[in-house]
Structure formats: structure tokens, C-alpha cells
Amino acid sequence: MRTLPAYLQGISRVVVDATVANSVLAQRVRERLGNLPWEVLAEDQFLASGLAREDILYLKNYKGRFLRFCPGTSHYQCCGYQIIHIGENCPLRCSYCILQAYFQDRVLKVWANQDDLWRELDQAFSAHPGRRFRVGTGEFTDSLVLEPLTGYSRDLVEFLANYPQVCLELKSKVVDLSWMDKVKDPRQVLPAWSMNAPFIVEHEEEGQRATLEERLDAAKTCAQAGFRVCLHFDPIIYFPGWQEGYAQTIALIFEYLRPQDIAYLSLGSFRHMPDLRRCIQENFPDSTYIYGEFITGLDGKQRLLRPLRVEQFQFLVTALRQGGLDKQLYFCMESDEVWRSVLGRTPKDFGGLYRYLMDRAFEK
Amino acid sequence: MNVPDLPNISVPAPQLFLCSAQEVDGQGEWLFWSKAPSPILEQSIKDRGQLVPVVVDASGSRPVLIAGAARLQVLSALNRDVLCLDVGAQSLWDKGCMYLASNSQEIVDDSRLVFALRFFHALDAGRLGEVFSALGLDPRSRQARLALSWLKLPRVWDELLAMGHLSLPCAVGLCSFDPDDLQTLFPFFSTWSWSRSGANNVLTWIKEIMIRDRKKAAAVLEALGGQEILDTQLSPKDAMTTLSAAIWSMRFPHWSAMEEKFSTAAKAIVNKTKWQLSHKDQFETGFVELTTRVANGSELQQAITDLVALGSHPMWDELFEEKD
């Protein structure tokens with residue numbers, strides 16, 4: 001049996017819906033986690049996770065929509081990317097992660113009825129053969145964190161090979177490149193990694209996430225194999241010494257990657273709902289960044305006071321521009337005022353962020 | 001004479017007797033709601049005498065009062081004998097329960113609830129359900145949960161609750177402080193009477209500064225001149241406003257500086273006009289809002305004239321400094 005990465009060794013139980021117990025994905029997981037108790041839920045049963053403090057892997061017969069738009073937010077500029085919903089929750093322990101407020105348990109859900117997923121995607125993509133789709137799986141889970149068990153991304157890139165108008169972003173904080181050999185056209189996949197200041201990675205990304213160097217080394221491997229990669233500075237956090245921290249990370253990026261290796265790079269300031277703040281206070285009492293100067297934004301979420309956000313953005317953008325990145329830069333959920341004051345342009349100037357990022361994703 | 005209903009008390013059966021009011025020991029800790037007798041009660045006893053006996057335990061060398069403190073106090077002041085109902089030797093818990101039952105007509109406000117729970121909690125925290133039941137309170141109610149939180153505070157805070165200087169919901173914020181931090185905070189709440197939101201804001205901001213800066217409450221309050229504000233001759237309202245503003249500025253230094261700068265510029269721009277200038281959205285946008293009220297045509301004309309004049313005020317540049 002293969003040794004599992006440390007971030008998956010906390011899984012204590014596997015639960016599977018009876019209707020998908022014999023699916024390809026379930027069988028694959030069973031083979032890889034044969035040492036764990038295997039519990040089958042009849043159709044009328046529900047998983048009671050209770051207050052379990054260990055991770056439970058739940059292979060579910062998902063009945064909702066697999067392809068959907070990112071919820072985004074009101075009053076701010078969103079990138080309009082579409083989610084391929086493959087599961088929910090994450091075994092990594094990042095203090096700032098919204099998933100802890102969304103899901104409030106330790107159940108790692110994987111939609112095991114892949115045939116339904118393929119059917120829905122085929123219908124959507126075939127119905128609009130001339131339309132381009134920029135999709136990703138890293139919204140409600142880390143795209144690659146369960147890959148050693150499920151092989152989901154590997155299946156997905158293989159499936160998408162038949163749909164050249166689709167570009168898939170795989171967003172992660174771990175290193176797993178096992179899906180690469182299934183990619184026919186590297187231009188169709190955008191491997192993406194989350195970036196932050198070393199202090200934040202060390203203190204706020206608990207769990208067995210990859211180091212910044214490991215992430216960038218993996219990105220370099222992808223770039224050398226013909227992929228373009230994406231990087232995401234999100235959330236950017238205001239903490240003592242943030243300038244040195246983010247400067248260090250940006251310098252590191254250019255040690256591993258050339259500007260042309262990067263399809264796009266997002267910048268997003270830490271923002272949160274009251275629920276998340278409560279989770280952070282309870283789960284990560286040493287995390288003091290939540291006591292920064294937050295105001296209630298136009299969308300009702302807490303955001304850092306605008307001049308402080310702008311100060312951070314300007315600092316990062318200056319350093320990134322010095323390294324040769326400019327057209328690749330965009331903000332996640334920011335106002336036109338912030339766009340203008342930091343980048344000197346607004347999405348309207350280049351035909352909207354959705355269209356712009358679509359063009360960048362499909363740039364040959 | 002009507003004798004109050006009594007719990008199932010073992011022999012001997014309750015007995016009525018008269019004795020000197022001074023002879024009765026009225027210092028029991030179970031008399032947790034004792035207060036000065038009302039003038040109505042004083043007058044009634046003066047005019048009509050004692051109509052209801054006090055409840056005592058007469059098993060010892062002198063009768064010990066279980067319920068009826070106000071009546072005893074009035075009779076003692078009048079130097080009259082007191083009619084006692086002897087219920088015999090009782091445990092502390094039962095004395096408390098009898099006191100509670102005798103005062104069941106009293107309105108149980110937050111401080112009374114805390115005083116009662118304080119007594120019973122010290123005896124047997126596991127039996128508090130009986131007390132909530134006697135008080136007609138759901139133990140899962142918000143009031144009950146907050147009162148239980150309050151019990152974690154040193155007893156000295158109970159008086160502030162009774163005086164109305166703080167309200168029960170402040171228990172949550174107060175309980176987040178260590179005992180020595182609570183001691184530091186105490187004078188700021190014993191000196192002034194705070195509104196619920198005022199107290200909660202101040203407690204929240206102080207706590208957040210402490211966590212953010214890794215400081216004790218004493219260091220935070222010293223840095224913002226807390227003692228000076230406490231010693232000031234300002235009215236309580238002004239002193240509390242000054243303290244709150246100082247804490248807010250320390251908690252939100254950039255935001256408060258922006259507010260101050262805006263306020264100075266705005267005042268200068270609309271000076272001597274009826275226009276008001278404010279910003280919106282906590283500086284999330286660069287928009288400002290100008291408003292005025294007019295009641296007739298001449299006021300409207302004046303407002304327009306003022307608006308044209310203030311449009312060229314040099315301070316606008318100050319105001320739009322943050323504008324992108």
C-alpha cells in the first residue's frame with residue numbers, strides 16, 4: 001500500500017452512500033484506504049458527523065448542480081469563474097479559511113457519482129461548442145488535497161480533453177502532480193497555488209500544506225512541461241512585518257518562475273463574515289490579525305480599511321511589476337476605486353474582468 | 001390566621017411564638033434579597049401591627065430568621081415583639097429555598113437572579129435546576145445562561161449589577177478577562193453607570209487591543225490615560241465618552257485618524273451654513289454627502305448661494321486626499 005501524505009493520515013472513517021458504493025471512485029478509495037472502517041449508508045440514512053474531531057471521508061451521491069458560477073459578492077468586481085463542484089471541505093487547517101464557517105465539521109465530502117458529473121458537464125459544454133469556459137474545482141475544497149485517494153483531477157483532465165473550449169484551473173496548497181500525464185493539451189489546464197507571506201504560511205496555515213518553495217517548485221515543473229500556472233495572493237493579511245514577508249515571497253516567485261509562465265495572479269485582501277471571525281477566535285486563538293482595522297464593506301463582509309488595503313496592494317503590485325508581471329494581475333472582489341488607485345485601470349477599461357481572464361486563460 | 005404553605009417539614013410541627021425583635025438573629029446569608037423596608041410596610045406595621053409572622057429556626061440558643069427581614073427590621077425599630085413561625089432546624093439549602101418561596105411575589109430582575117444563584121451555586125451547583133424552577137425560569141434561557149456566566153466573576157461585581165452600572169449581557173465580555181485585568185477594569189465601572197452597548201463596546205475593544213498588542217489591561221489603560229480620565233472633573237457622561245473615544249482610537253488608529261481629519265475639514269467647509277457634510281460607508285468609498293433642510297424659497301436660495309460658495313473652499317482638497 002502506498003504511503004499517504006501526512007495531510008490525509010488524519011482520516012479515521014470512510015462512509016459511502018450505498019448507491020455509489022460500487023462506483024469507480026469508491027472502489028479506488030477503498031483500495032487505497034483498505035485499512036479503515038468502511039461504512040455504507042442506505043438511501044434513507046444520513047451521516048451524523050456530530051462533533052467528530054477526526055476527519056471523515058464521505059463518498060456521496062450528490063444530487064445538486066455540479067457546474068455553477070462562483071457565488072462572488074455584490075458591489076465588487078468578481079472574476080466570473082465557474083465552479084466544477086467535486087466535493088466539499090479540506091483536511092488542511094488554515095486559520096483564515098472560510099470553509100470552517102461554511103461546513104463546521106470535519107467531513108470531507110467527495111461526489112462519487114462521477115457519471116452524473118460527466119453527463120452534466122457534457123450537456124453544458126456540448127450545448128455551447130463555441131463558448132469558452134474557465135472552470136475550477138478549488139472553491140469549496142482544495143483541488144488536489146484528496147487526489148492521492150480519489151484521483152478526481154486526473155479523471156477530470158482526461159474527460160476535458162474532449163472539450164478544447166474548456167480551461168480548468170486546479171487550485172491548491174499541496175503538491176500533487178499525479179494528474180499531469182493524463183493531460184493531452186497543457187494549455188487546457190492551469191495549475192494554481194496559493195501564495196502568502198512566509199510568516200502567514202508558517203503560523204496561519206496549520207496542517208501539512210506544502211511550503212512556499214515546494215509549491216513554487218511544483219509550479220516550475222508544470223511550467224517546464226508546457227503549462228502556464230496561476231498564483232493567488234489571497235488572503236493578503238495585515239500583520240507586523242507584512243512588507244518584508246510579502247517581498248520575500250515575491251522574490252521567491254521570480255526565483256522559480258518567469259513572468260510568461262504565469263497566466264494570471266490574483267490579489268485579495270482578507271475579508272470575512274462574522275461567523276468566520278468567531279471560528280477563528282475559537283479554533284485559532286493565537287491568530288491576532290482578526291483584530292486589525294476592519295470595516296463593514298458594501299457587501300456586508302468585514303474588510304480591512306480601504307487605505308490599508310490599498311497600501312498593501314500597492315506594495316505587492318510594485319514588487320510584482322518589478323519582476324515583470326503586470327497584465328497578469330487582477331483583484332479578487334475589489335472596487336473600481338481600488339483597481340484605479342493601485343493598477344491604474346478598472347475592469348471596464350479592458351472589457352470586463354470575466355472576459356479579460358477568459359482571454360488570458362486561453363492565450364496561446 | 002393564615003399560615004403560609006410549608007414544605008414537607010419533619011417534626012416538630014411549626015409553632016407560633018412571640019419574642020423581642022432584637023432577640024432574632026437576622027444576619028443569615030440566605031437573606032440574599034434583603035433591602036430596606038418600604039415606607040408602605042413601615043406605615044402598615046405602625047397602623048395595623050404585624051399581620052404575617054416571620055419564619056425562624058428556633059432550635060438554637062436564639063431564633064434565626066429565615067424569611068421576613070423587612071418586617072423584622074421595622075418591628076425592631078419600633079421596639080415591638082415579633083410574631084415568629086418556628087420551622088425548626090433546616091439546612092442552608094432549605095433555608096434559601098424557604099426564603100425564595102416567601103419572596104416569590106418579588107420581581108426577579110437580573111441582579112436578584114445573580115444574588116440567588118450566587119448563594120445556591122456555592123452550596124451545590126448541581127442542584128441549580130431546582131432554583132431555576134422555583135424562580136419560574138427556563139435554565140436554557142438567555143437570562144439564565146448569562147446569569148451563570150456572571151457567577152464566574154468575583155462577587156464584588158454583583159453590586160455593580162444591582163446598582164445598574166452594568167447589565168447582565170456584559171457578563172460575556174467581562175468573563176474573558178483574567179482576575180487581575182478585572183481588578184484594573186473595576187474602577188471604570190464602579191465610578192460610572194454604563195449603557196449596555198457602551199460597556200460592551202469598551203470591553204470588546206480593550207480585550208481586542210490586549211490580544212493584538214499582547215498587553216495587560218493595566219498597560220492598555222495606562223497608555224490611553226485611563227486614570228486621568230477617571231480623576232477628571234468631567235460629568236460622568238462626558239468622562240465615559242472621552243474614555244470610549246480614547247479606547248476606540250487605540251483600537252482603530254488609522255480609522256480614527258481619518259475620522260478626525262474628515263471632521264476638521266468638513267466643519268471648515270460648511271462653517272456658518274446650514275449644510276452638513278458627511279462621509280458614507282466607513283471610507284470604503286470616496287463619496288461624501290452634502291445635506292441641508294429648507295422650509296421656504298428664501299432658505300432654498302440661501303442654501304444654493306452657500307453651496308456655490310463652499311464649492312470652492314480650499315479644504316475640499318484635504319477631504320478628497322483619499323480620493324482615487
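Visitor: Is the crossing of α10(A) and α11(A) left-handed or right-handed?

Guide: The crossing of α10(A) and α11(A) is right-handed. A crossing is called left-handed if the near helix is turned anticlockwise from the far one by less than a right angle, and right-handed if clockwise. Before we go on: this is a predicted model, where local features need pLDDT of at least 70 and side-chain atom pairs count only at pLDDT 80 or more, while totals for chains, interfaces and linings use all residues. Residues are numbered from 1 along each chain as its sequence is written, and chains are lettered from A and ligands numbered from 1 in the order in which they are written.

Visitor: Which residues make that contact?

Guide: On α10(A) they are R306(A), R309(A), V310(A), F313(A), Q314(A) and V317(A), and on α11(A) they are V338(A), S341(A), V342(A) and L343(A). Contact here means C-beta atoms, placed from the backbone, within 7 Å. By class there are six nonpolar, two polar and two charged residues. Ala, Val, Leu, Ile, Met, Phe, Trp, Tyr, Cys and Pro count as nonpolar, Asp, Glu, Lys and Arg as charged, and the others, Gly among them, as polar.

Visitor: Why are α10(A) and α11(A) called oblique to each other?

Guide: Their axes come within 9 Å and cross at roughly 40°. Angles under 35 degrees count as roughly parallel, over 145 as roughly antiparallel, 65 to 115 as roughly perpendicular and the rest as oblique. The angle of α10(A) and α11(A) belongs to the rest, so the pair is oblique.

Visitor: And what makes α4(B) and α7(B) roughly antiparallel?

Guide: Helix α4 (residues 110-124) and helix α7 (residues 156-163) of chain B pack at about 155°, with their axes 8 Å apart. That angle is over 145, so α4(B) and α7(B) are roughly antiparallel. Their crossing is left-handed. The residues in contact are D110(B), S111(B), V114(B), F115(B) and R118(B) of α4(B), with D158(B), L161(B) and A162(B) of α7(B). Four of these residues are nonpolar, one is polar and three are charged.

Visitor: How do you know that chain A is as compact as a globular protein of that length?

Guide: Chain A has twelve helices and 18 strands. Its radius of gyration (taken over C-alpha atoms) is set against the globule rule, 2.2 Å times the number of residues to the power 0.38. For the 364 residues of chain A the rule gives 21 Å, and the radius is 20 Å, close to that value, so chain A is as compact as a globular protein of that length.

Visitor: Why is chain B called more spread out than a compact globule?

Guide: Chain B comes to 16 helices and six strands. The radius of gyration of chain B is 30 Å, well over the 20 Å that the rule gives for 324 residues, so chain B is more spread out than a compact globule. The C-alpha trace of chain B spans about 95 × 50 × 40 Å along its principal axes.

Visitor: What makes S176(B) partly exposed?

Guide: S176(B) lies in the loop between α8 (170-174) and α9 (179-190) of chain B. A residue is buried if 20 or more other C-beta atoms, placed from the backbone, lie within 10 Å of its own, exposed if 12 or fewer, and partly exposed in between. S176(B) has 15, so it is partly exposed.

Technical notes. Helices (H or I, at least four residues) and strands (E, at least two) are DSSP runs, numbered from the N terminus. Axes are lines fitted to C-alpha atoms, for helices over the stretch in contact, and angles run from 0 to 180 degrees between N-to-C directions. Two residues are in contact if their C-beta atoms, placed from the backbone, lie within 7 Å.
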